[in-house]
Amino acid sequence: MNAQVDPLPLAPVVAPAPGVRVGVLTSGGDSPGMNAAVRAVVRTTIAAGGEAYAVHEGWAGAVAGAGLLRPLDWDDVSGVLHRGGTVLGTARCPEFQTRDGLRAAARHLVGAGIDRLVVVGGDGSLRGAEELRQEWPGLLQELVAAGELSAPTAAAHPRLLVAGLVGSIDNDMAGTEMTIGADTALHRICDALDALRSTAASHQRTFVVEVMGRHCGYLALMAAVAGGADAVLVPEVPPAEGWQDLLVRRLTASRAAGLRDLIVIVAEGAVDRQGRRITSAEVGALLTERLGGEGSRVTILGHVQRGGRPSAYDRWMPTLLGHAAACEVLRDEDRPSVVVGVRGNRVAVTPLPEAVADVNAVRDATRRGDFAVARVARGRSFGSLSTAVDELCAPPESQGTLGDGETSSGSAVVGGPTAAAPDRRPRRIAVLHAGGPAPGMNAAVRALVRTAAVAGDTVLGVSGAVPGLVEGRLRPLGWAEVDDWVEAPGAELGSRRDVLEEVQAARVADVLREHRVDAVVLVGGMEAYRTGAVLQAAAGRHPALEIPVVCVPAAIDNHLPGADLSIGADTALNVVVEALDRLRVSGSATRRCFVVETLGGPSGYLPMMAGMAAGAERAYLPEDPVTVHRLAEDAAAMTRAFADGRRQWLVVRGEHASADYTTEVITRIFEAEGGDLFDVRATVLGHVQQGGTPTPFDRLLATRLARAALAEVDRQLGEGAVSSCAVGEVAGSLRLTPLARLEAELAPGADRPREQWWRQLEKVAARVATP
Ligand SMILES: Nc1ncnc2c1ncn2[C@@H]1O[C@H](COP(=O)(O)OP(=O)(O)OP(=O)(O)O)[C@@H](O)[C@H]1O
Ligand SMILES: O=P(O)(O)OC[C@H]1O[C@](O)(CO)[C@@H](O)[C@@H]1O
């Protein structure tokens, strides 16, 4: 694909000619996050000097006209970020696929002066958009010929410019790594799975859970990994004949290994190799008949998956893309429609026909039975996890894929052990945490234990972090023991902020020798990295330390070099955003400014992204010190806004934004400026931000990075050249950062990277926050 990944995700806003109108519509199945996209399109258009129009009820609204095309002001899209569904309404509209339907849509759009469209919908909706664009000149000619449109009006709108944003929970479209709504749907599914596990465990029952995704197994596969399922059936990995026996054997082995709760996920589009539909009811009946015991229960999650509050990601990502899409159509270039998507957290723009061709190629490959092609086309994460899922789900003795017999590809990002040589000595890998607890740490340990078990390796858990390592508190972690660690918040092994001291290295060498440790994996923050660096520096003096030391980034602050995102940051972000939503509701009856202090340490990631996701008016970050001048400007802007009728103003302040202008000081300044016009309240969110249940994203990231760490251990031991490094993902690719380079990667005088990708988003957040 020729997507252009924009290294600076901020497309310049081009000032349009006077009277330029941008229409925005949502179409197909609704998805959480569509509202954030609409808000960004509207506000970016207005900020650039254009006019924004809503086309209500999707393509049906364009076809019907009749008052469904209406102008939108800045404030019309206030207070929509936290709402699920789409405030514009959506529909599936078969009529739009007819010539008459297209012509009616063109007539109503031109009639409203709209010749630029941002369409938020699934692949069907976007196909429709491209068709309308291609047919536009012909449709206008037909309308002129029929006397339904004047020739000068047609001449004033010679072409339609279209940018598509993929809004669908299915994550089934090319041109973007994530579709708007898929992350939230995973939240819904994982919440349901976490709830089902407790009742399943109580009765030692098996649950068969059907999840959505018409033709695409993305939700099912990711939910299986993030939700700790025991087996999964998805259309892209159809099981071979006799899969029923294999499934029963697998679940029997899991039960024998000590699991009380068993979960099988079935994608709604699951099929076997002959293309025959596999239903959740069929799987439920099979397991009730063959597993005995308490039998099985079937739960179809249905439309619950599509509803409810959007996750933090489904607010900031569509905001970024909505902004970029508006910029695309404001540019006065006649060109094919584009899909504005996201890749590695950066904006990626792909010609729509190309994205559609790619989706068609997946469908054709699936029809041909070429499932490997279909899996790869679904994206990196899908490709890698579809072959790795069995390693994570099934006890080592019952390994064997439910799919088409292909095993893990062993690529770097996939991670996981490379195929074990017959004479390979089983390895012993110690894992410990260092730093503040980060949700997802347990999921990383679980992935290590289970992936290592496939090659016969043992993972030794170190209790009590660095002091525990010094005291030799290591024990093997069992395959079944870590089963529900995927969802467990906090750090089961314990995490503390101690960094290993040089004088302790000799003692640690003794411990590692006693326990015959071949490699150390540290899952944690800067303390983990620095401990790794101390171990490496001491390796020359202590042969037992001449082993691979690999760090996995886990810190809610998201301040670690060599990783766009560290484990735990997404969970903390969601906790903050939920708190901000609640504060907004609490203040809805008053005229009030909230000053909210977040954690985040040296990095502004949490306050900035939470502010963007919750629609905060201002965010104060440690990277950009607060000054009295800025406070005066903001107080004046706030006062003007309240005087104009605004009822709320939200300021998010990172805990280290300024040593002088503390949350209390800022609150008092604003309070003094507000007089009788508004009042001000301060809220310090504190450690609730560390205590969330890991989000699906953090569980998946933890799984990917833990497997990548193991792959690196395997590589180093295989090649006999050991070193210490950190694994991370940067712009969607795996990166290994030598720990020796750690300090050089940090900004001068601060424990955060020199470059932080998310800082590009600040301008977008500011542009859509206030007029
Ligand atoms: N090939 C097409 N040509 C023109 N219009 C289309 C086409 N396919 C779909 N549409 C229009 O887009 C609407 C939505 O399409 P569809 O039902 O496939 O949902 P979708 O956009 O793929 O969303 P989701 O992924 O949520 O199902 C259709 O009802 C129709 O109006
Ligand atoms: O809401 P409807 O029209 O029943 O459609 C359900 C379908 O829409 C989706 O939610 C989104 O495409 C699918 O996962 C599901 O199969």
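Between which domains does the second largest pocket lie, and why? Before I answer, please keep in mind that this is a predicted model, in which local features need pLDDT of at least 70 and side-chain atom pairs count only at pLDDT 80 or more, while totals for chains, interfaces and linings use all residues. Residues are numbered from 1 along each chain as its sequence is written.

Domain 1 (21-179 + 310-367) and domain 4 (570-692) both contribute residues to the lining, so the second largest pocket lies between them; the domain bounds come from an automatic or database domain assignment. By pocket I mean an open set of points, on a 1 Å grid over the protein atoms alone, where a 1.4 Å probe fits, with protein on both sides within 12 Å along at least five of seven lines, and lining residues have an atom within 4 Å of a point. Its volume is about 720 Å³, counted as the space filled by probe spheres set on the points, which are joined across faces, edges and corners. Of its 31 lining residues, S78, R584, E617, R646 and Q648 lie nearest the centre.

Turning to the largest pocket, we find about 940 Å³ of space and 42 lining residues, with E177, M178, G344, R380 and S381 the closest to its centre. Here α22 gives the largest share of the lining, five residues, where helices are DSSP runs (H or I, at least four residues) numbered from the N terminus. The lining divides into 23 nonpolar, eight polar and eleven charged residues, with Ala, Val, Leu, Ile, Met, Phe, Trp, Tyr, Cys and Pro counted as nonpolar, Asp, Glu, Lys and Arg as charged, and the others, Gly among them, as polar.

How values were computed
Chains lettered and ligands numbered in written order. Heavy atoms only, no water. Helix = DSSP H or I, 4+ residues; strand = E, 2+ residues; numbered from the N terminus.
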